[in-house]
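User: Can you walk me through this model? I'd like to start with how you use your terms.

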Amino acid sequence: MKLNFISLLALSALLAGCAGNDKKQAADTSADTGMAADIKQHIAVLANDSLLGRKPFTKGEDKTIAYIADKFKHLGLEPGNNGSYYQEVPMVEITSTAQPLQISGAGSAVLKPGIDFVAATRREVDTLSLKNSPLVFAGFGVVAPEFGWNDYKGLDVKGKTVIVLVNDPGFKAKEKLFKGDTMSYYGRWTYKYEEAARQGAAGVIIVHQTEPASYGWQVIQNSFTGAKLYLQQADKHMNRCKVEGWMSEEAASKLLSAAGINGDIREYARKKDFKAVPLNSTVSLNIKNSLKYSKSHNVIAILKGTERPDETILYTAHWDHFGIGKPDAKGDSIYNGAIDNASGVAAVLAVAKKFAVQKDKPKRSIVFLAVTAEEQGLLGSEYYATHPVYPLNKTVANLNLDALSDFGETSNFSITGKGQNDLDDYVIALTKPKGWDVVGDETPGSGSYYRSDHFNFAKVGVPALDLHNGSKSIQRGEEFGKQQAKEYNEQRYHQPSDQYSDAMDTKGMAQTANLMYQLGVKLSNETTFPGWKKGSEFKAIRDKMMSK
């Protein structure tokens, strides 16, 4: 049965009433049934087809942000942005339509868009083209002085198109390179595009490989095609490469083989004496753009502190997903994003409710921020971090919730980027009495630290925590939890099948949310500020900020 949005609002109110009186619930329960019920009810609404996949610039956005703001208001939270529950985020939507990609010379071929490659542009122009742009294999496309690595050394790529590998040289290397299997920012696709632009390349194409990317080719086909959103820039993104794209491993292997590069291309590119290789071929590609300028919205609310209201603890979760896109095998074209990230928004709303009903109000202010366009490149959090409503040097911490697992309670928790800042120690102190383990990112090679909104706060110096329930299922064991995580990553992540189900077990989500709530309570009643640990690349930024 499908419900319209008005019916869902009514249903959400009914279910919220059935969840029980939170005032009677202890703040320190591990299995908070009221919280679990609230989270499940919110996911049912946020992942319903009527919200059209929650894509920014659509009616789905209007319904989504109205729902979140309405919940904040009914909890008695004040508007967080100078009397408004919304922060406008000016963006441009670019729908790039690529024609077949023509490779001439060695490895000549015609590649099909959406099948063999995907390509787009950030440049705000109606049409653009690459014409006979020389192709160069630039290894991992990395310039990392601290690791003694420069794939562009002695290379002039102006007017050329570089082919680069996903992830960084350290992943699955036989010797210790970079951070080993833990991805550095040099391994992120965003970095590859940025560095190619700094080098003056006309185009940049990343070779997709499933293991080092941590997701299959279908994720590229679904996530990197269609309309894309970017923050508006004064230069209309003309400082970026003309073309940014991906190529399937099969297509790339044929191209590289024609230039004499065979076998394990990653081993070839991670040699210390690696030098970029001209591929003796050129690429031509035409792209047509449809441009739309508009504003999306972050949703923001505040519970003001009783003693130090100018100091804030900031909870975040992204409300957006991919909207309506490529149909799956069942003909479903709505990307509902139940786990990613209706779960995180639901958890933030549940945390907000616990703060709203607690008897002793926090001494510091608690800010709840649901951000837009995470799926488009962490845009909503980037905009807030560069246009903060509350001063960053008074922002105590960022506590981020994104894509919580739906297989129940666990006896361990995973901190993305564990070891970066003092917030890790707070989590360990809270979990140790319960006998729970706190581990680092369970898939460090996936670069998760750079893939969610906490990263934008880390970049500006704010200690940031991204916490997930782990894989050790209390009821069914660790192997079950790992199987569930694998199933989600392979069968649901960024696909229409990421849907709400009555069978979802949200107790683990509540467990994580409740832990984040307890952390917020502790931080809100302290006078000190957590910091970054020695060796963190973000420590100097925070130290400089706090010295002013």
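Analyst: Buried means under 20% relative accessible area, exposed means over 50%, and partly exposed lies in between, with a 1.4 Å probe and protein chains only. By that cut-off Phe 57 counts as buried, at 13% relative accessibility. This is a predicted model, in which local features need pLDDT of at least 70 and side-chain atom pairs count only at pLDDT 80 or more, while totals for chains, interfaces and linings use all residues. Residues are numbered from 1 along each chain as its sequence is written, and side-chain values use heavy atoms, with hydrogens and water left out.

User: Where is Phe 57, and what is its phi?

Analyst: Phe 57 sits in the loop between helix 2 (33-46) and helix 3 (59-74). Helices (H or I, at least four residues) and strands (E, at least two) are DSSP runs, numbered from the N terminus. Phi of Phe 57 is near 75 degrees, a positive value in a residue other than glycine. Most residues other than glycine have a negative phi, and most peptide bonds are trans.

User: Which other non-glycine residue has a positive phi?

Analyst: Asn 167 has one, of about 70 degrees. Its place is the loop between strand 9 (161-165) and helix 4 (189-198). Asn 167 counts as buried, at 1% relative accessibility.

User: Back to helix 3. What happens at its start?

Analyst: A side-chain oxygen of Thr 58 reaches to within 3.1 Å of the backbone nitrogen of Gly 60. A polar contact is a pair of N or O atoms within 3.5 Å; within protein, one must be able to donate a hydrogen and the other to accept it, and residues adjacent in sequence count only if both atoms are side-chain atoms. Helix 3 has 16 residues and reaches 23 Å from its first C-alpha to its last, close to the 22 Å expected at 1.5 Å a residue. The expected span is 1.5 Å times one less than the number of residues. Buried residues in helix 3 include Tyr 67, Ile 68 and Phe 72. Just after the helix, Gly 76 takes a positive phi of about 85 degrees.

User: Ok, the whole thing now. How many helices and strands?

Analyst: The protein has 15 helices and 21 strands. Its radius of gyration is 23 Å, close to the 24 Å that the globule rule gives for 548 residues, so the protein is as compact as a globular protein of that length. That radius is taken over C-alpha atoms, and the rule is 2.2 Å times the number of residues to the power 0.38. Along its principal axes the C-alpha trace spans about 75 × 50 × 50 Å. Buried residues make up 58% of the 548 residues.

User: What about the largest nonpolar core: which residues touch the most other members?

Analyst: Of its 124 residues, those are Phe 72, Phe 137, Trp 246, Phe 368 and Leu 399. Helix 9 (residues 338-357) gives the most to this core, with twelve residues. Apart from this core lies another, of 14 residues, among them Ile 300, Ile 302, Tyr 390 and Phe 457. A nonpolar core is a set of buried Ala, Val, Leu, Ile, Met, Phe, Trp, Tyr and Cys residues joined through side-chain atoms within 4.5 Å.

User: Is helix 9 enclosed or open?

Analyst: Helix 9 is largely enclosed by the rest of the structure, because 19 of its 20 residues are buried. Its end C-alpha atoms are 27 Å apart, which agrees with the 28 Å that its 20 residues should span.

User: Which peptide bond is cis?

Analyst: The bond from Asp 340 to Asn 341 is cis, with omega near 5 degrees. Asn 341 lies in helix 9.

User: And Ser 343, what does its side chain reach?

Analyst: The side chain of Ser 343 reaches the backbone oxygen of Ile 339 at 2.6 Å. Ser 343 is also in helix 9 and is buried, with a relative accessible area of 0%. Not counting residues up to four places away in sequence, Ser 343 touches Ile 43, Ala 338, Ala 403, Leu 404 and Met 509. Contact here means heavy atoms within 4.5 Å.

User: Last one, strand 18. Which strands are joined to it?

Analyst: Five bridges join strand 14 (residues 308-318) to strand 18, and the two run parallel. Three bridges join strand 18 to strand 21 (residues 464-469), also parallel. Two strands pair if DSSP finds at least two bridges between them. Ala 397 in strand 18 is the bridge partner of Ile 313, and Asn 398 stands opposite Ala 464 in strand 21. Strand 18 (residues 395-400) is mostly covered, with six of its six residues buried.
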